[in-house]
Amino acid sequence: NITVFPENLKRALIFMDRLIKVLKKRGHSVTVENNTTYFILFGERIPICCREKLAKTFIEEGSDIGSDYEPTGLLSIKIEGTYYSRTWTEGRRSLEQLLPKIIIDLEVIGRKLKEERLERERKQAEQREKERIARETQERKEKELKNFLKILKNAKRHDNSEKIRQYADELERFSTEKGSLTDNIKDQIAWMRKKADWYDPFIEAEDEWMMGIDRDKLKLEKKSYYWWDR
């Protein structure tokens, strides 16, 4: 990525060639993607360009004052597109003389970028782990609550089943003592015990007259008897 005036192109190419070769000898690499040159140091991509410094001049055209840019012959190396913006420009020293400093500065920036990336990745991994733990905790709590509610329902059903059996036993005892244990009461007692067995979560006996009824909600699903309502 070089933008200079034609008379400085050869020197810019020679310098960039030298810069790239020194970087490669130090274990780094260079790539070009989408018209952007990247120096890759310690696994971090640093966008680099070579520019010629321009001097702004003002031009009078009648009553108007315009501006233009003229070449200065001074070359610069610039980091683009990153918050580690940095420019090395010729002045008292040429780019060739600045080469060691450019290499050192680039490696310092590369190390910082790597450290920051690793820190970001560490924090992201830490955040993902926190989210995983929070998610698993939430799922476990939901499962625990679901199981508890199921146990609570079954406990209530079993307790109510036992109450029905106790009531049937008491009705049988009372009727026997009073001499009023008729066939109708006997049928009623047998009916209660059968329903208790149907409702008891430990038994859940089949009962043709209770089919389609939810044992927990104790609700009967209503069905239409007419074909046009189906």
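**A walk through the contacts**

Arg173 and Glu177 are separated by about one helical turn, because they stand four residues apart in helix α2; helices (H or I, at least four residues) and strands (E, at least two) are DSSP runs, numbered from the N terminus. The two side chains form a salt bridge, with their closest N and O atoms 2.9 Å apart, and this term stands for a side-chain nitrogen of Lys or Arg within 4 Å of a carboxyl oxygen of Asp or Glu. Arg173 counts as partly exposed at 38% relative accessibility, whereas Glu177, at 57%, counts as exposed. In these terms, buried means under 20% relative accessible area, exposed over 50%, and partly exposed in between (1.4 Å probe, protein chains only).

Before going further, please note that this is a predicted model, in which local features need pLDDT of at least 70 and side-chain atom pairs count only at pLDDT 80 or more, while totals for chains, interfaces and linings use all residues. Residues are numbered from 1 along each chain as its sequence is written, and side-chain values use heavy atoms, with hydrogens and water left out.

Side chains of opposite charge can pair when their charged atoms come close. The structure holds 26 salt bridges, and one of them joins the side chains of Arg157 and Glu204 at 2.8 Å, N to O. This pair links distant parts of the chain, since Arg157 belongs to helix α2 and Glu204 to the segment after α3 (183–199), 47 residues apart. Arg157 is buried, with a relative accessible area of 4%, while Glu204 counts as partly exposed at 34%. Another salt bridge is formed by Arg165 and Asp200, whose closest N and O atoms are 3.1 Å apart. Because Arg165 lies in helix α2 and Asp200 in the segment after α3, this pair ties together parts that are 35 residues apart in sequence. Both Arg165 and Asp200 are buried, and they belong to a network of salt bridges that also links Glu162 and Asp197.

Arg157 has a further contact, for its charged end sits over the ring of Tyr199, 5.5 Å from the ring centre; a charge is said to sit over a ring if NZ of Lys or CZ of Arg is within 6 Å of the ring centre and within 35 degrees of the ring normal. How many aromatic pairs does the structure hold? It holds one, made by Trp198 and Tyr199, which are stacked with 6.2 Å centre to centre and 25° between the planes. Rings of Phe, Tyr and Trp (its six-membered ring) pair if their centres lie within 6.5 Å, and planes under 30 degrees apart count as stacked, over 60 as edge-to-face and the rest as tilted. Trp198 and Tyr199 are both buried.

Turning to the strands, β2 (residues 29–33) and β3 (residues 36–41) run antiparallel and are joined by five bridges, where two strands pair if DSSP finds at least two bridges between them. Within this pairing, Ser29 has Ile40 as its bridge partner in β3, and Val32 has Thr37. The hairpin of β2 and β3 has two residues between the strands, and Asn34 takes a positive phi near 50° there. Elsewhere, the charged end of Arg45 sits over the ring of Tyr38, 4.1 Å from its centre.
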